[in-house]
Amino acid sequence: AGFGAQLPAFLEDFPPAAGIAYLPDVARLEWAVHRAYLAPDLAPAGLAALAGLAPAELDGARFTLQPSVAVLRSAWATAAVWQAHQPGGPPLPARVDAPCIALVLRRGWEVQVGMLEEAEAAALACLAAQGSFGEAVDAMLAALKEGEAAPDIAAMLRRWFDAGLVGGIAV
């Protein structure tokens with residue numbers, strides 16, 4: 001199942017693909033989808049796991065993300081391009097030269113590809129690197145552009161748990 005790992009690098013140096021500059025990043029996304037499909041199962045943590053924490057414990061809590069989760073950054077609209085090529089998907093985006101942060105997650109047997117804002121992607125990257133929730137919030141705030149409002153942390157947590165992104169919490 002590892003045959004596609006080298007495809008993005010191959011496409012970067014493949015002259016016939018030179019006119020499709022976003023193709024290597026779409027291949028990276030497709031590889032993440034493939035890996036997500038084959039990732040081990042981990043029962044998602046429910047909101048009860050979060051509700052069971054004392055407020056003082058939340059800052060140092062470490063969230064385990066689902067093994068299928070991947071966050072991919074691209075200078076191209078890779079998630080929209082990928083979604084447009086799925087059965088019943090939306091039309092191709094008008095512009096593909098828009099930066100994108102894709103979120104890949106498998107729910108049951110279905111792999112989903114969505115898009116993230118920079119701040120939320122920074123928080124998830126911190127959690128994936130075994131950072132605490134407090135460190136993830138700090139990373140999220142540091143990723144904000146000047147004058148940009150901070151995301152609603154409670155709504156973000158609700159999205160994560162509703163999507164089944166979190167597999168466990170350790171304090």
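Trainee: How many of the residues of α6 are buried?
Mentor: Eight of its 11, so α6 is mostly covered, because buried means under 20% relative accessible area, with exposed over 50% and partly exposed in between (1.4 Å probe, protein chains only). Keep in mind that this is a predicted model: local features need pLDDT of at least 70, side-chain atom pairs count only at pLDDT 80 or more, and totals for chains, interfaces and linings use all residues. Residues are numbered from 1 along each chain as its sequence is written, and side-chain values use heavy atoms, leaving out hydrogens and water.

Trainee: Which residues of α6 are buried?
Mentor: Among them are Ala119, Glu120, Leu124, Cys126 and Leu127. Helices (H or I, at least four residues) and strands (E, at least two) are DSSP runs, numbered from the N terminus.

Trainee: And what do the buried residues of α6 pack against?
Mentor: β1, β2 (70–74), β3, α7 and α8. Contact here is heavy atoms within 4.5 Å.

Trainee: What comes after α6?
Mentor: Gln130 follows, and its phi is positive, near 70 degrees.

Trainee: OK, the core. How many residues does the largest nonpolar core have?
Mentor: It has 28, and Phe63, Leu124, Leu157 and Trp160 are among those with the most contacts inside it. A nonpolar core is a set of buried Ala, Val, Leu, Ile, Met, Phe, Trp, Tyr and Cys residues joined through side-chain atoms within 4.5 Å.

Trainee: Which elements give two or more residues to this core?
Mentor: β1 (62–65), β3 (100–107), α6 (118–128), α7 (133–142) and α8 (153–163). The most comes from α6, with six residues.

Trainee: What does Leu157 touch?
Mentor: Leu50, Phe63 and Phe133, if you don't count residues up to four places away in sequence. There's also a second, separate core of 13 residues, which includes Ala36, Leu72, Ala102 and Val113.

Trainee: How many salt bridges, then?
Mentor: The count comes to eight, where a salt bridge is a side-chain nitrogen of Lys or Arg within 4 Å of a carboxyl oxygen of Asp or Glu. Glu12, Asp25 and Arg28 are linked in a network of them.

Trainee: How far apart are the closest N and O atoms of Arg28 and Glu12?
Mentor: 2.3 Å. That pair links distant parts of the chain, with Arg28 in helix α2 (residues 23–38) and Glu12 in helix α1, 16 residues apart.

Trainee: And Asp25 with Arg28?
Mentor: Their closest N and O atoms are 2.6 Å apart. Both lie in helix α2, three residues apart, about one turn of the helix. An α-helix has 3.6 residues a turn, so residues three or four places apart point the same way.

Trainee: Is Asp25 buried or exposed?
Mentor: Asp25 is buried, with a relative accessible area of 18%, while Arg28 is partly exposed at 29%. Glu12 counts as partly exposed too, at 47%.
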